[in-house]
Amino acid sequence: MILSNVFMGSCFCVVDSIRSTIAVLAGGDDLCPLFPGSSRFLSPGRNVDVYCPPRKRARVIAPLGFSFRGREEVAAEKQQPRSIDTLPDECLFEILRRLPGEKERSSCACVSKRWLMLLISIRSSELAARMKTTDESVKTRMPDLSKGVCAEEKECENNGYLTRRLDAEEATDIRLASIAFGSCSRGGLGRLFIRGSNSTRVTDVGLSAIAHGCPSLRVLSLWKVPLITDAGLSEIADGCPLLEKIDLCQCPQISDKGLIAVAQKCPNLTSLTIESCSSIHNEGLQAIGRCCPNLKSVTVKDCMRVGDQGIASLVSSASSSLQRIKLQTLNISDLVLAVIGHYGKNVIDLALIDLQKVNEKGFWVMGKTLGLQRLRSISITSCSGLTDLGLQAISKGSPSLKQLFICKSEYLSDAGLRAFAETARALENLHLEDCNQVTLVGVSSLLKCNPELKSLALARCLGIKDITLCPTQMPSCVSLRSLTIHDCPGVTDASLQTVGKICPQLQNVDLSGQIGVTDASLIPLIGNSKGGFVEVNLSNCVNVTDVLVAMLVKSHGGTLKVFNLDGCKQITDRSLLAIADGCSELDNLDLSSCSISDYGVAVLASARQLNLRILSLASCSKVTQKSLPFLGNMGSSMVGLNLQHCRLISTYGIGLLEEKLWWCDILS
């Protein structure tokens, strides 16, 4: 009430100028002086500028000379204090849209939720019309003060520099209205991310507020907002024509109607992501393809009502601009892959995941059409239709291919890998995961035929086992810089020793989960490396000891930046002595579940040349309270410290450490 009275005092001039408008809307007795000789039941004519929003309420006016109230009621009403809050929405709307400037509107927005929602419902065009009339009326009396204002400053006032993120309970209609109103004079809202839940209360009202107040919006992400419908998305399309990227995830009430509105009103759209939207069919995607000539990236995931017609039409219509396509868990067939192969002349990144209705023919046709000449990266996961024949066709139709990721392929074998290697000479990165028919024979043929290969990753490939070939029979791969062998139980000492001899330029080595790895198998790998190791991951290699760590630090301590020994239970304080003395560039050290003690932590903290940024001591059962003073002296470079499951360190001690290392993120 106090804020309302203050506002009334500051806006008397505005209220006086529109008193006739209020009289018209209220049906009072002031019409006769304004319009002499006219009936009070006739329209006031063109002389009164009245804006009537759609929610105007009907009024019943008692006939002249009649009163349904007694004298006591009239007297009681006269004694009650009058307030602007007693005005109906339509009258208050007329007052608020006539406020002279941003400062006045901001003050009014703080009065109540009602005033905030009324202010945000006023479109900029409605304000501009009144402001333009006012400017023209005073043009002859007031000097033009805008001549000295830089044009760039005017353009930059609302360019969409701000980003807002709302999670779960934070996401409400009132919060969105506040963001929309508050960001207008502070650079404009450019990106909005709403990550909701099943209980999220955001509705079309909140999106409508964003649409009215944020015309500079370029990125909109809606994740799990079940109450948003096509009406809200249509409001965004009408009010935010600069929209470039839209992500819709688990929005069950958004259908083709909303997508069509976006396609028709947002021609600058470059990226579209649709995930788990059960009401979207083919028509919306067809409209996006027809009306968005700048579309570059499309992701469609888990939309079971989207079929061949929608995806094929989208790809063929946007073929001149489309660069990235990701299709996952859809009811599409070989036809879509054929269309991609024919029209994807500008596609550089393609991901096909869990497409159960796509057969060998689809992959074969996609490669044979020779349309993917610019394709640089392809990822194929859980597609049972991928065979040796299909992979060979893809390699022939994609001469620029540099990255290949294949996961869970039941029918891919050494023959397909060999045929692929003979054609894909530009390949730099190969990742094979859960491909159990591939063996080291196929991998060796790939190393032999691809002189540009820089990264090789083998994960959970049960067919990868030791072979009896000697190093002279294996191809040399001088270009290989990164090697990952993860959870391949058939790889033991013999294979790793061979790898060490044929790959002398390795810099990144990841052998996590290789239980069969020992010190003896890694010594040739360490000794033959000429480039210097930068990242080494030996997590859960339970047979690795301090001897190997000392040798690794001695040979590569000057280049080593990331060292992961998580789960290596035979690592003790001796390894920390070697690391403290020999590692000058180490940035990230993981010693989780190792057999280190307070002494090792003290040695590590006292190393002057060591500037660790991230240190993990999680589940180190021998680390106690005595380590806390040393950890507190680690230096200003420390930004991450993991002390989870260190049971001998108290909560009080952690609190003291947090006060001392206030800039560091400590997990406990």
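Helix 21, spanning residues 440-449, is mostly covered, with 8 of its 10 residues buried. The buried set consists of L440, G442, V443, S444, S445, L446, L447 and C449. Their cover includes two helices, helix 20 (414-423) and helix 22 (493-502). It also includes two strands, strand 11 (429-433) and strand 12 (455-459). The model described here is predicted.

The buried residues are D204, G206, L207, S208, A209, I210, A211, H212 and G213. They pack against helix 8 (113-120), helix 11 (173-182) and helix 13 (230-239). Strand 2 (189-195) and strand 3 (219-223) are also among their partners. An α-helix has 3.6 residues a turn, so residues three or four places apart point the same way.

These helices belong to a chain with 28 helices and 20 strands. The chain has 668 residues, and 49% of them count as buried.

The average pLDDT is 82, and 80% of the residues score at least 70. Over residues 56-68, the pLDDT is below 50. Beyond near neighbours in sequence, that stretch has 11 contacts in the model. Over residues 137-157, the pLDDT is again below 50. Here the model shows 6 contacts beyond near neighbours in sequence.

Empty space inside the model was examined next. Rolling a probe the size of a water molecule over the atoms shows where empty space is left. The structure holds 1 cavity of 30 Å³ or more. The largest cavity contains about 60 Å³ of space. Its lining is made up of V509, L511, L522, L525, I526, F533, V536, L538, L548 and L552. Helix 23 (519-527) and helix 24 (546-556) each supply at least two of the lining residues. Helix 23 gives the largest share, 3 residues.

N537 sits in strand 15, residues 535-537. Its relative accessibility is 18%, so N537 counts as buried. Apart from neighbours within four places in sequence, N537 is in contact with V509, D510, L511, S512 and N564. Of these contacts, V509 and L511 also line the largest cavity. S529 lies in the loop between helix 23 and strand 15. With a relative accessible area of 12%, S529 is buried. Apart from neighbours within four places in sequence, S529 is in contact with P504, L506 and H556. S529 and H556 are 27 residues apart in sequence. In space, their C-alpha atoms are 9.1 Å apart.

Aromatic rings were considered in two ways. A pair of aromatic rings is described by the distance of the centres and the angle of the planes. The count of such pairs comes to 1. The pair is formed by W662 and W663, whose ring centres are 5.5 Å apart. Their planes stand at 90 degrees, so the pair is edge-to-face. W662 counts as exposed because its relative accessibility is 67%. W663 reaches 32% and therefore counts as partly exposed.

Charged side chains also lie over rings. R165 is placed over the face of F193, at 4.2 Å from the ring centre. R195 is placed over the face of W223, at 4.1 Å from the ring centre. Strand 2 and strand 3, listed above as partners of helix 12, span residues 189-195 and 219-223.

Backbone angles complete the account. Most residues other than glycine have a negative phi. D302 has a positive phi, near 55 degrees, and is not a glycine. D302 lies in the loop between strand 6 (297-301) and helix 16 (308-317). Its relative accessibility is 33%, so D302 counts as partly exposed. H645 is not a glycine either, and its phi is positive, at about 60 degrees. H645 occupies the loop between strand 19 (640-642) and helix 28 (651-660). At 60% relative accessibility, H645 counts as exposed.

Technical notes:
Residues are numbered from 1 along each chain as its sequence is written. Side-chain values use heavy atoms; hydrogens and water are left out. Buried means under 20% relative accessible area, exposed over 50%, partly exposed in between (1.4 Å probe, protein chains only). Helices (H or I, at least four residues) and strands (E, at least two) are DSSP runs, numbered from the N terminus. Contact means heavy atoms within 4.5 Å. Rings of Phe, Tyr and Trp (its six-membered ring) pair if their centres lie within 6.5 Å; planes under 30 degrees apart count as stacked, over 60 as edge-to-face and the rest as tilted. A charge sits over a ring if NZ of Lys or CZ of Arg is within 6 Å of the ring centre and within 35 degrees of the ring normal. pLDDT is the predictor's confidence in each residue, from 0 to 100. On a 1 Å grid over the protein atoms alone, a cavity is a set of points where a 1.4 Å probe fits but cannot get out, and a pocket is an open set with protein on both sides within 12 Å along at least five of seven lines; lining residues have an atom within 4 Å of a point. Grid points are joined across faces, edges and corners, and a volume is the space filled by probe spheres set on the points.
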